[in-house]
Amino acid sequence: MNRISIKLAAYFFIAVLIMEVFLMVYLHQNILEERTDEEYARLVASGANHRDVLEDNYSNTTIEHIALMESDGDREVVIINRQGIIASSSDDHLLIEQSLKHVRNLAANTEGIVIADWKSSPYIVSVHPYHIASGPSGYVVMYQSTEPIKLLVNKLNLHFGLAGVTSFVVLFIIYAILSKLLTRPLIRMKEATEKLSNGDFNVSLPVVGNDELGELSGSIQKLATDLERLKTERNEFLASIAHELSTPLTYLIGYSTIAMRQGLNEQERQHYLSIIVEESNRMKDLVKNLLDLAKMDETTFTVSKELFWTRPFFEDMQRLVEPSFNMKNVQLAVRCDVDFQILADPLRLEQIVLNLLDNALKYSAEETEVTLEVYQKKEKTVIRVTDVGMGIPSEELAFIFEKLYRVEKSRSRTFGGTGIGLAVVKELVEAHGGSIEVESTLGKGSRFTVTL
């Protein structure tokens, strides 16, 4: 009972069987009751008719005629007066004797069915009293054989039995169809999910329609594709991390060994130590960005928004990064013409702007300018960082916010890019409920626009 097809068949059979039994019992009883009611009504009508004829024209001829009328059918009639039986359509002496018993204890005006038990009695019996104004009075006793009713019951049982067997055959056919249409796709999906759990993402499921099964099949297929893509990205991610960490570690070990040599002059030793410091800072920044990404993936970081004025905030940002720009001989222009309040997390917003400015500085040549603009547009805050550096190829723009993606992987050593900064920026902007866009022309520069 662990297969869904067996469970489905069992539930379906039980549900339909209960409904079918209920309907069959209901129909069987109603048909039987209607048929017996018809027999009762016919018997009472015949007895009342004989009684009326007898009262209207009481004579020996009439009595003989009534007895003769019922002598060839499935009904019998016995006419009784105060002295006893005066006529009968049957030669059955037992029946004639029982007629006296049927009327002996009856009230004088009793009329109708007196024996209705067709199951255990060979007859159903009705009694009809008659009264002659200037003559005798008595009863017309009618007998209806119960054989026709019992025959009807047998036929009903036969037909209902055949209907039950036929319904079971139909149910089996329906089960086979349901098994093909429902359970087989589900079994394929189960097998597909088992392959996914074992790390095999090469799954192909057929299209089964536009219903819930089709949607489930499509979701599993999409899950397989996404898992395969994530597996590829994970491998690339780990390879990139290993490469990014191994490079500064190699420099640290190598230059530390050189700096420890005997006979180096102070100028050479300071040169090697400065390289060690530079590579240590590079590793620190890489680990910091990786921790930021890990926190974002685990949703452990928080955004605590508050109102603050834009001009003092961005002036402080300018003072913070200006030494780095001056060292590379790149001018930083901050334009915040109107001082207005912004609702954001100051710490996270600082992280966004610092990453964008650092990215612009890395890829800007000397004697160029980086512009930071801040303004309001339709009650939203727009932060725009523009440089006239190397630019980004148009085919690469859709991927620059992905983790560890670099436009030119060969230049990471020269410019210090790790492919993490922009991924952090995008996550932080979206955490604020904002959006980020990029425009770039190769060889002419880039423009990043954040809208909060």
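On the α8 side the contact uses Arg348, Gln351, Ile352, Asn355, Leu356 and Asn359, and on the α10 side Gly421, Leu422, Val424, Val425, Leu428 and Val429. Contact here means heavy atoms within 4.5 Å. Sorted by class, that gives seven nonpolar, four polar and one charged residues. For the classes, Ala, Val, Leu, Ile, Met, Phe, Trp, Tyr, Cys and Pro count as nonpolar, Asp, Glu, Lys and Arg as charged, and the others, Gly among them, as polar.

A word on what you are looking at. This is a predicted model, where local features need pLDDT of at least 70 and side-chain atom pairs count only at pLDDT 80 or more, while totals for chains, interfaces and linings use all residues. Residues are numbered from 1 along each chain as its sequence is written, and side-chain values use heavy atoms, with hydrogens and water left out.

Overall, the protein has ten helices and twelve strands. Helices (H or I, at least four residues) and strands (E, at least two) are DSSP runs, numbered from the N terminus. Of the 452 residues, 39% are buried, and buried means under 20% relative accessible area, with exposed over 50% and partly exposed in between, using a 1.4 Å probe and protein chains only. Among contacts with a separation of 6 or more, 64% come from residues 24 or more positions apart.

Back to α10, residues 421-431. Which of its residues are buried? They are Gly421, Leu422, Ala423, Val424, Val425, Leu428 and Val429. After α10 comes Gly433, with a positive phi near 80 degrees.

Helix α8 has another partner. Helix α7 (residues 310-327) packs with α8 (residues 346-362) at about 35 degrees, the axes being 11 Å apart, and this crossing is right-handed. The α7 side of the contact includes Phe313, Phe314 and Met317, and the α8 side includes Leu349, Val353 and Leu357. By class, the residues of this contact are twelve nonpolar, one polar and one charged.

Now the cores. A nonpolar core is a set of buried Ala, Val, Leu, Ile, Met, Phe, Trp, Tyr and Cys residues joined through side-chain atoms within 4.5 Å. The largest one has 40 residues, and Leu356, Leu357 and Phe448 touch the most other members. The biggest contribution to this core is from α8, with seven residues. What does Leu356 contact, leaving aside neighbours within four places in sequence? Its contacts are Val385, Leu422, Val425, Ile436, Phe448 and Val450. There is also a second, separate core of 18 residues, including Tyr130, Ile132, Met142 and Val153.

On to the strands. Five of them form an open, antiparallel sheet in the order β2-β1-β5-β4-β3. Its edge strands, β2 (84-88) and β3, each pair on one side only; two strands pair if DSSP finds at least two bridges between them. Neighbouring strands of this sheet are turned by 30 degrees against each other on average, direction ignored.

Why call β4, residues 123-131, largely enclosed by the rest of the structure? Because seven of its nine residues are buried. On one side, three bridges join β4 to the antiparallel β3 (residues 112-115), with Ile115 opposite Val125 and Ile113 partnered with Ser126. With β5 (residues 137-145), β4 makes nine antiparallel bridges, and Tyr123 is paired with Ser145. The two form a hairpin with five residues between them.

Elsewhere, β6 (residues 306-309) and β8 (residues 341-344) pair antiparallel over four bridges, and Leu307 has Leu343 as its bridge partner. The covered face of β8 holds Ile342 and Ala344, and the uncovered one Gln341 and Leu343.

Last, Ser46 in helix α1, residues 4-56. Is Ser46 buried or exposed? It counts as buried, because its relative accessibility is 15%. Beyond neighbours within four places in sequence, Ser46 contacts Glu70, Arg75 and Met142.

Definitions and conventions:
Axes are lines fitted to C-alpha atoms, for helices over the stretch in contact, and angles run from 0 to 180 degrees between N-to-C directions. A crossing is left-handed if the near helix is turned anticlockwise from the far one by less than a right angle, and right-handed if clockwise.
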